[in-house]
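The sequence and structure come next.

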Amino acid sequence: MATSSPLPTARDHSGRHHHPHWWQRRWVRYGALSTLLALSGLVILALVRLQTGPEGFLVGIGLAVLPVPWLIAAFRWLDRVEPGPWRNLVFAFAWGACAAALIAIVANSFATHWIATAAADPDEADTLGATLIAPIVEESAKGAAVLLVFLFRRRDFTGIVDGVVIAGTTATGFAFTENILYLGTAFGEDRVTGAGAIVSVTAATFFVRVVMSPFAHPLFTVCTGIGFGLRALAAPGQRVRRVLFPVGGLLLAMSLHGLWNGSASFGQFGFLFVYAGFMVPAFGLLTWLAVWTRQNELRTVREELPTYVFAGWLGPAEPFVLGSMRARRVARDYARHHLGGRPAARAVAQYEAYATSLAFLRRRARRGRAGADFLTREHELLAALWRRREVARPALEYAARGTAPVPRPQWPAYGHPSVPYAGYGYGSHGSGGYGYPSVPYSGYNPYRS
């Protein structure tokens, strides 16, 4: 059997194949990006350690890491309907903690020094740097991660939830490094003044940054993520919206960031006023939007997948099971305990993810937003489902019986043949069971409603 080359070849004008240039190879791009992030991490660690001292650096890491697992778990929970690859989250966190933090430290220091030399009052330079320069620099640096994922992992970036998850993870990494700096510096000040553990600058900094506002940086950058998510949902002909959504999201992120940084200069209760009057409501609004979008994704799964039931790819109960997070969990648990342990549960989880991607792909096609590779991508997803059907279908059947009655399929007008059609290319003949035909119907038209 002939094997395909791991790297695609292209034709030149003479019709001959030629291999891509060395800088176009995937391992070269991955290596360059990994090297960039590693060097940024080493430099930022050295700078933070130099400013905080060895003891302050260790204390800062120990305290700054506390909110990270909770924030990552929250974003991962939000992404459970169509979970993106872990490598995207690792990249986003690493970019925020290393590259974006390094850009922010260097650019903010340079800008604040320039303003201080131009202004007579050094305190005015610090205020201008915090309220004007820092929001622009930091949100642009964090937003670059969202842009990179959007451009180079476009298949994984299909809507608002994806933008929220990538942006929030990037901001979590950035806040982690920034909190190390602030907490480590505060610890150094307490060592000099001899302050106690409770009444200290370290305790106050920890309370404000880790207890009261661990969501601050994620809140700002999520606005940028929502902008790119809306850009992903926009139709190809909506050119103005496709430009305005990301730019508007970035500007909103900068504005909220500037308002937060400038709250200390609004008087004695300025911080509390901004926190209670703007930050908490904004956090609640964005949380509601994210959860509502997640539920809307599940509704899309339930509405789009019946087409593939009619075509014989899915069983009649699968749209309901795949459109319910509780039913999905039941299916994975059943596979883990009765069908082969962790590998079986992993296969069911992959089946659920591929089916969700298929539903989103069809929704985009119905709305005229699918790309030229729609049919190719659809066939890839259907093939992935078919390869996992032996493990996934018994688990989904069990989840359907345990969570809701099995719905009776309503076949479309073109009829439900008594014998399934053969020849689509993925199945084997035999009894399908539980309403499944042995193979999908060859007359399936992906564009038919």
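Which elements cover the buried residues of α6? The cover includes α1 (26–64), α5, α7 and α9 (270–304). The model discussed here is predicted.

## Helix α6

Helix α6 spans residues 201–212, twelve residues in total. From its first C-alpha to its last it reaches 15 Å, close to the 16 Å expected at 1.5 Å a residue.

The buried residues in α6 are Thr202, Thr205, Arg209, Val210 and Met212. An α-helix has 3.6 residues a turn, so residues three or four places apart point the same way. Among the elements that cover the buried positions of α6 are α5 and α7, and both of these helices come up again below.

## Thr224 in helix α7

Helix α7 contains Thr224. Is Thr224 buried or exposed? Thr224 has a relative accessible area of 1%, and it is therefore buried, the cut-off being under 20%.

Leaving aside residues up to four places away in sequence, Thr224 touches Gly143, Gly249, Leu250 and Ala253.

## The largest cavity

Rolling a probe the size of a water molecule over the atoms shows where empty space is left. Searching the whole structure gives two cavities of 30 Å³ or more. The largest cavity holds about 70 Å³ of space.

Its lining is made up of Arg76, Asp79, Gly84, Pro85, Asn88, Leu89, Val149, Asp156, Asp162, Val165 and Ile166. Two or more lining residues come from each of α3 (86–118) and α5 (160–193). The largest share, three residues, belongs to α5. By class, the lining of the largest cavity has five nonpolar, two polar and four charged residues.

## The second largest cavity

How much space lies in the second largest cavity? The second largest cavity has about 40 Å³. Its lining residues are Ala232, Leu233, Arg363, Arg364, Arg367 and Arg369.

At least two of the residues lining the second largest cavity are supplied by α7 (216–233), and at least two by α13 (341–366). The lining of the second largest cavity divides into two nonpolar, no polar and four charged residues.

Key:
Residues are numbered from 1 along each chain as its sequence is written. This is a predicted model: local features need pLDDT of at least 70, side-chain atom pairs count only at pLDDT 80 or more; totals for chains, interfaces and linings use all residues. Side-chain values use heavy atoms; hydrogens and water are left out. On a 1 Å grid over the protein atoms alone, a cavity is a set of points where a 1.4 Å probe fits but cannot get out, and a pocket is an open set with protein on both sides within 12 Å along at least five of seven lines; lining residues have an atom within 4 Å of a point. Grid points are joined across faces, edges and corners, and a volume is the space filled by probe spheres set on the points. Helices (H or I, at least four residues) and strands (E, at least two) are DSSP runs, numbered from the N terminus. Ala, Val, Leu, Ile, Met, Phe, Trp, Tyr, Cys and Pro count as nonpolar, Asp, Glu, Lys and Arg as charged, and the others, Gly among them, as polar. The expected span of a helix is 1.5 Å times one less than its number of residues. Buried means under 20% relative accessible area, exposed over 50%, partly exposed in between (1.4 Å probe, protein chains only). Contact means heavy atoms within 4.5 Å.
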